[in-house]
Amino acid sequence: MPMRDVWIYIAVMSIVTLAIRLIPPLVLRSEIKSRFVRSFLFYVPYVTLAVMTFPAIVLATRTPLAGGAAFVFALFLAWNGASLFRCAAGASIMVFVVEGLVIGF
């Protein structure tokens, strides 16, 4: 790859990063009063994290079935008040069990 292309890529990434950081304060000078918009903006980080994490959960195992079962089991544990450690441990055990049943030890 020519060095000129690298500098172009760095310049484009810098412009995009600066635009993302500068446009909201410049456009939104007053407080947002709409309940819908405030609610939407509150949940954006959680949705973004979920969208990035879920494919990794399902595809990190040998079979997507094991990842899906682990996700459902961890969700069940979290819904019933288990700690983060217990959810992660339960999901790991579920992957081990399901892959043992589907693939065999």
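Predicted model: local features only at pLDDT ≥ 70, side-chain atom pairs only at ≥ 80, totals over all residues.
Helix H2 bends by about 40° at Val44, and a proline, Pro45, follows within four residues. H2 runs over residues 35–59 and holds 25 residues. From its first C-alpha to its last, H2 reaches 37 Å, close to the 36 Å expected at 1.5 Å a residue.

Part of this helix also carries a label from a record. The UniProt annotation "transmembrane region", from an unreviewed entry, covers residues 40–59 as well as residues 6–28. Over residues 40–59 the chain is 100% helix and 0% strand, with the end C-alpha atoms 29 Å apart. Val44, where H2 bends, falls in that annotated stretch.

Now step back to helix H1, residues 3–27. H1 has 25 residues and reaches 36 Å from its first C-alpha to its last, close to the 36 Å expected at 1.5 Å a residue. H1 has a kink too, of about 25° and centred on Ala19. For the other annotated stretch, residues 6–28, the chain is 96% helix and 0% strand, and its end C-alpha atoms lie 34 Å apart.

How does the chain divide into domains? The domain assignment gives domain 1 as residues 1–30 and domain 2 as residues 33–103. Taken over C-alpha atoms, the centres of domain 1 and domain 2 are separated by 32 Å.

Let's finish at the largest pocket, which holds about 310 Å³ of space. Its lining is made up of 13 residues, and those nearest the centre are Ile57, Phe71, Ala74, Leu75 and Cys87. Which helix supplies the largest share of this lining? That is H3, with six residues. Helix H3 (64–79) and helix H4 (84–102) each contribute at least two residues to the lining. By class, the lining of the largest pocket has 11 nonpolar residues, two polar ones and no charged ones.

Notes. Residues numbered from 1 in each chain as written. Heavy atoms only, no water. 1 Å grid on protein atoms, 1.4 Å probe; cavity = no way out; pocket = protein on both sides within 12 Å on 5 of 7 lines; lining within 4 Å. Points joined across faces, edges and corners; volume = space filled by probe spheres on them. Nonpolar A, V, L, I, M, F, W, Y, C, P; charged D, E, K, R; others polar. Expected span 1.5 Å × (residues − 1). Bend = angle between axes of the 7 residues up to and from the residue. Domains from an automatic or database assignment. UniProt positions renumbered as here; feature names shortened; annotations may be inferred.
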